[in-house]
Amino acid sequence: NGVSPDKYEPISKYKARSILGISQDSFVLLYTGRFAPIKGTLFLVQAVHKLSTKIPKLLCVMCGNIDGDRESDKIRSFIMENNLENFIKMEGFIPNDSLGPYLYACDSLVLPSLMEATSISALEAMSVGRPIIGSRVGGIPELVIEGITGLLAIPGDSGDLARAIEKCWSCLLYTSPSPRD
């Protein structure tokens, strides 16, 4: 498996967010994948909850088959019980060839996996120049150069994942390009 750097038509973050109806001043996290316990998606929504009062305009966009995977009910319940509807956008399944705008719209891809080989999601995000916030498991540490191409967190630790997300936000806050880049 591999990813061609030409897989997605390049578009600006501004245009991608316009296409998807995402506010230009949001800090956007993207998750693409299954909603299975091994993927750590519950830890991601818990981290978003911890950061919902710390990061203005935080938005986590989650793409995947939310209706067919085992973690679906837990994730939906957690979102509803904690009033996270304004912070987490469930997009459902997006065909791989339609992911381009999501990748270009995000500030970072998040991989909260508890076990992972080489993540195609990470390779796709890297092919469009997005940093990765991932767990220190499997092939993720082989793809992420800490502090350069992304940040790593302790697997299964929503607090440490929140720390990494907040650090990414803080770095982007001081290095953000103009709104139309």
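**Close-up 1. Surroundings of Asp160 in the predicted model.** In this predicted model, and leaving aside its neighbours within four places in sequence, Asp160 is in contact with Arg136, Leu152, Ala153 and Ile154. Asp160 itself belongs to helix H7, which comprises residues 158-175. With a relative accessible area of 12%, Asp160 is buried, because a residue counts as buried when this value is under 20%.

**Close-up 2. The buried residues of helix H1.** Helix H1 takes in residues 13-20, and Ala16, Arg17 and Leu20 are buried in this helix. Because these residues cover an arc of only 95 degrees around the axis, they are on the same side of H1. An α-helix has 3.6 residues a turn, so residues three or four places apart point the same way. The elements against which the buried residues of H1 pack are strand E1 (27-32), strand E3 (88-92) and helix H4 (100-105).

**Close-up 3. The residue that follows helix H1.** After H1 comes Gly21, and the phi of Gly21 is positive, with a value near 70 degrees.

**Close-up 4. The aromatic pair of Tyr31 and Phe35.** The count of aromatic pairs comes to one, and this pair is formed by Tyr31 and Phe35, which lie 5.6 Å apart centre to centre, with 65 degrees between the planes. The arrangement is edge-to-face, because planes over 60 degrees apart are counted in that way. Tyr31 and Phe35 are both buried.

Key. Residues are numbered from 1 along each chain as its sequence is written. This is a predicted model: local features need pLDDT of at least 70, side-chain atom pairs count only at pLDDT 80 or more; totals for chains, interfaces and linings use all residues. Side-chain values use heavy atoms; hydrogens and water are left out. Buried means under 20% relative accessible area, exposed over 50%, partly exposed in between (1.4 Å probe, protein chains only). Helices (H or I, at least four residues) and strands (E, at least two) are DSSP runs, numbered from the N terminus. The arc is that of the directions from the helix axis to the C-beta atoms. Contact means heavy atoms within 4.5 Å. Rings of Phe, Tyr and Trp (its six-membered ring) pair if their centres lie within 6.5 Å; planes under 30 degrees apart count as stacked, over 60 as edge-to-face and the rest as tilted.
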